[in-house]
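Visitor: I am new to this structure and would like to learn how to read its features. Could we take them one at a time?

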Amino acid sequence: QLVGDLLSLARMDNATQEYEMLPFNLSAAINATALPFESQAFEMHKNLELDIQPGVEYCGSEKHIRQLAAIFIDNAMKYSNENGIIKITLMKRGDKAVLEFYNTGCEISQSETEKIFERFYRGDKARSNTGKNGYGLGLAIAKSIMDIHKIRFQVTCEQGKWIRFLLTL
């Protein structure tokens, strides 16, 4: 997986990856991406909540937007606390779509929020926690996808309590 992720990042960096930018139903794509995580959340004793406004359309690479959503959901599953809450919200605001990934439990400080999108970056607590596999590439890939789609994002957190990624598409 590490090699695949590195190749994906290299292709994005060199603009050699093809992005088929077409209109698609973003609501359906986010729902379909979140669905496989429901059983994982149940097994991990976490609460996955979806608040997806139906019929939100977006023009972009559906494949890559799904990948982006899966990265954020996977991170929320890994880093939310025991019996934690993971919320995915999608709504239309004017001519923009607003996509939010929220989870309780936050192992980074507000000052680290920019660093988490760097390749191979893993906060001190993430490195020391067992059972949290990864190489620190997921959010770097998400950032590349957001850059290519010109998605604005904001990260807010309260260390130890919650983290929120707010994406404006």
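**Salt bridges and a helix pair**

Guide: Lys-161 and Glu-158 form a salt bridge, with their closest N and O atoms 3.6 Å apart. Keep in mind that this is a predicted model.

Visitor: What makes a pair like that count as a salt bridge?

Guide: A side-chain nitrogen of Lys or Arg has to lie within 4 Å of a carboxyl oxygen of Asp or Glu. The pair of Lys-161 and Glu-158, at 3.6 Å, is one such case.

Visitor: How many salt bridges does the rule give?

Guide: The count is four.

Visitor: Is Glu-158 buried, exposed or partly exposed?

Guide: Glu-158 has a relative accessibility of 36%, so it counts as partly exposed.

Visitor: Which residue does Arg-66 meet in a salt bridge?

Guide: Arg-66 meets Glu-62, and the N to O distance between their side chains is 3.2 Å.

Visitor: How far apart are Arg-66 and Glu-62 along helix 3?

Guide: They are about one helical turn apart, because four residues separate their positions in helix 3, which covers residues 62–79. Arg-66 is partly exposed, at 31% relative accessible area. Glu-62 is also partly exposed, with a value of 31%.

Visitor: What does Asp-74 pair with?

Guide: Asp-74 forms a salt bridge with Lys-78, and the closest N and O atoms are 3.5 Å apart. Both residues belong to helix 3, where a spacing of four residues puts them about one turn apart. Asp-74 is partly exposed at 25% relative accessibility, and Lys-78 is partly exposed with a relative accessible area of 23%.

Visitor: What describes two packed helices?

Guide: The angle between their axes and the distance between the axes. Here, the axes of helix 2 (residues 26–43) and helix 3 come within 9 Å and cross at roughly 30°.

Visitor: Are helix 2 and helix 3 roughly parallel or roughly antiparallel?

Guide: An angle under 35 degrees counts as roughly parallel, and helix 2 and helix 3 are therefore roughly parallel to each other. Their crossing is right-handed.

Visitor: Which residues make the contact?

Guide: On helix 2 they include Leu-26, Ile-30, Thr-33, Phe-37 and Gln-40. On helix 3 they include Ile-65, Ala-69, Ile-73 and Met-77, and also Glu-62, Arg-66 and Asp-74.

Visitor: How many residues of this contact are nonpolar, polar and charged?

Guide: The contact of helix 2 with helix 3 has twelve nonpolar residues, two polar and three charged.

Definitions and conventions: Residues are numbered from 1 along each chain as its sequence is written. This is a predicted model: local features need pLDDT of at least 70, side-chain atom pairs count only at pLDDT 80 or more; totals for chains, interfaces and linings use all residues. Side-chain values use heavy atoms; hydrogens and water are left out. Helices (H or I, at least four residues) and strands (E, at least two) are DSSP runs, numbered from the N terminus. Buried means under 20% relative accessible area, exposed over 50%, partly exposed in between (1.4 Å probe, protein chains only). Axes are lines fitted to C-alpha atoms, for helices over the stretch in contact, and angles run from 0 to 180 degrees between N-to-C directions. Angles under 35 degrees count as roughly parallel, over 145 as roughly antiparallel, 65 to 115 as roughly perpendicular and the rest as oblique. A crossing is left-handed if the near helix is turned anticlockwise from the far one by less than a right angle, and right-handed if clockwise. Contact means heavy atoms within 4.5 Å. Ala, Val, Leu, Ile, Met, Phe, Trp, Tyr, Cys and Pro count as nonpolar, Asp, Glu, Lys and Arg as charged, and the others, Gly among them, as polar.
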